[in-house]
Amino acid sequence: MKDRSAKNLRKSMVRGSNEHESRLHEHDGDIMTLATKEVISVPPSTSIKEAAEKMVNHKIRRLPITDPGSEKLLGILTSMDILNFLGGGEKFNIMEEKHHDNFLTAINEPIRQIMTREVKFMTHKDSIVECVIEMLNSNVGAFPIVDNENNRKLIGIITERDFVLAMAGILTDELVEDFMTKKVITTTLGTPIEGSSKIMVRNKLRRIPILGKEEKAAHPEEELVGIVTSDDILKFFADNKLFTKMESKSGLEILNRKISEIMEKEVSTVEPSTRLGDLCKLLNERDLGGVPVVKNSEVIGIITEQDVLKAIRTTSK
């Protein structure tokens with residue numbers, strides 16, 4: 001049954017143009033055809049602040065942690081790990097208890113203190129099909145790729161974005177409304193950054209639509225006025241200008257700032273009747289991981305890169 005499902009999934013992924021057919025092969029070990037081979041990684045001694053700056057500068061959401069000598073994979077740091085540190089979860093204890101709310105000393109802790117150690121990975125012998133299935137089963141957005149399970153030397157990384165790029169223009173029959181998440185968690189303009197971090201960490205979200213009332217609005221109902229993502233919070237945290245504006249060393253001073261200060265006001269949206277192939281093009285063109293689904297000015301859902309993976313698996317059955 002598993003082999004049959006895998007074959008059907010391969011067929012789903014290769015339908016379309018010859019360009020995509022040449023990129024998505026049908027044999028084991030084809031994962032490297034989609035993976036990024038030049039991977040940015042850092043040693044575990046890197047400070048939290050330095051790691052965040054590197055992620056922002058290179059526009060990446062995750063940073064493999066490797067041994068500086070052997071390049072062995074030791075763990076991974078994601079934007080969610082940093083949000084956890086910024087008040088979203090138990091890693092906030094580093095700032096609150098160990099550093100007694102001293103933000104400036106806490107951010108210089110080495111990333112070994114907050115990185116994810118039990119990191120899931122793939123090897124260069126794995127297939128694209130296996131990767132899609134495992135990515136969905138594990139509910140993660142990327143896998144580092146290693147040479148083998150023993151040495152675990154880092155040789156690549158594959159992300160949800162790689163699959164979205166491959167499927168742009170191919171999923172022509174599937175519609176957003178059939179794969180979007182309908183129960184959307186939203187928040188308001190007055191939510192502090194710490195509160196947003198908690199919402200994201202606890203619900204495993206990378207973005208939250210923001211509802212509010214625009215000035216001189218014709219009707220009293222709240223509308224979509226912005227969106228905040230884990231990347232927005234990461235950029236805010238990594239911005240050196242932030243430290244020159246601090247009146248004290250308190251982490252709470254920073255984390256109590258409102259998300260209205262950092263949110264994206266120009267929000268890309270799609271309608272429920274949008275084709276998934278067109279959605280993939282939009283996500284790639286605007287470098288987005290997901291967008292709200294809007295109908296008659298009302299947010300009725302949200303669709304993300306992970307939903308595209310679910311569509312690939314569903315349509316292959």
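This is a predicted model: local features need pLDDT of at least 70, side-chain atom pairs count only at pLDDT 80 or more; totals for chains, interfaces and linings use all residues.
**Entry 1: the chain overall**

I began with the secondary structure and counted 14 helices and ten strands. I then looked up burial: 51% of the 317 residues in the chain are buried. For the range of the contacts, I took pairs at least 6 apart in sequence; of these, 65% join residues at least 24 apart.

**Entry 2: the nonpolar cores**

I looked up the largest nonpolar core and found 37 residues in it. Leu77, Ile82, Phe85, Leu86, Val228, Ile233 and Phe237 have the most contacts inside this core. Which helix gives the core its largest share? Helix H10, residues 230-238, does, with five residues.

I went back to isoleucine 82 and listed its contacts, leaving out neighbours within four places in sequence. The list reads Ala52, Met55, Leu77, Ile114, Leu234 and Phe237.

**Entry 3: H4 against H10**

I checked how H4 packs on H10 and noted an angle of about 65 degrees, with the axes 10 Å apart. The crossing is left-handed. From H4, the contact takes in Ser79, Met80, Ile82, Leu83, Phe85 and Leu86. H10 brings Ser230, Ile233, Leu234 and Phe237 to the contact. I sorted the residues of this contact by type: eight are nonpolar, two are polar and none is charged.

**Entry 4: H4 against H9**

Next I took the pair formed by helix H4 (residues 79-88) and helix H9 (residues 193-203). Their axes come within 8 Å and cross at roughly 130 degrees. The crossing of H4 and H9 is left-handed.

On the H4 side, I listed Met80, Leu83, Asn84, Leu86, Gly87 and Gly88 in the contact. On the H9 side, I listed Glu194, Ser197, Lys198, Met200 and Val201. By type, the contact of H4 with H9 has five nonpolar, four polar and two charged residues.

Is helix H8 (residues 160-167) mostly covered or mostly open? I found H8 mostly covered, with seven of its eight residues buried. The buried residues in H8 are Glu160, Arg161, Asp162, Phe163, Val164, Ala166 and Met167. Glycine 169 follows H8, and I noted a positive phi there, near 85 degrees.

In helix H13 (residues 276-285), I found Leu276, Gly277, Leu279, Cys280, Leu282 and Leu283 buried.

**Entry 5: leucine 211**

Last, I looked up leucine 211, which lies in strand E7 (residues 207-212). How far apart are the C-alpha atoms of leucine 211 and leucine 224? I recorded a separation of 4.6 Å, for two residues 13 apart along the chain.

Not counting residues up to four places away in sequence, I found leucine 211 touching Thr186, Thr187, Thr188 and Leu189, then Glu222, Glu223, Leu224 and Val225, and also Val299.

Notes. Residues are numbered from 1 along each chain as its sequence is written. Side-chain values use heavy atoms; hydrogens and water are left out. A nonpolar core is a set of buried Ala, Val, Leu, Ile, Met, Phe, Trp, Tyr and Cys residues joined through side-chain atoms within 4.5 Å. Buried means under 20% relative accessible area, exposed over 50%, partly exposed in between (1.4 Å probe, protein chains only). Helices (H or I, at least four residues) and strands (E, at least two) are DSSP runs, numbered from the N terminus. Contact means heavy atoms within 4.5 Å. Axes are lines fitted to C-alpha atoms, for helices over the stretch in contact, and angles run from 0 to 180 degrees between N-to-C directions. A crossing is left-handed if the near helix is turned anticlockwise from the far one by less than a right angle, and right-handed if clockwise. Ala, Val, Leu, Ile, Met, Phe, Trp, Tyr, Cys and Pro count as nonpolar, Asp, Glu, Lys and Arg as charged, and the others, Gly among them, as polar.
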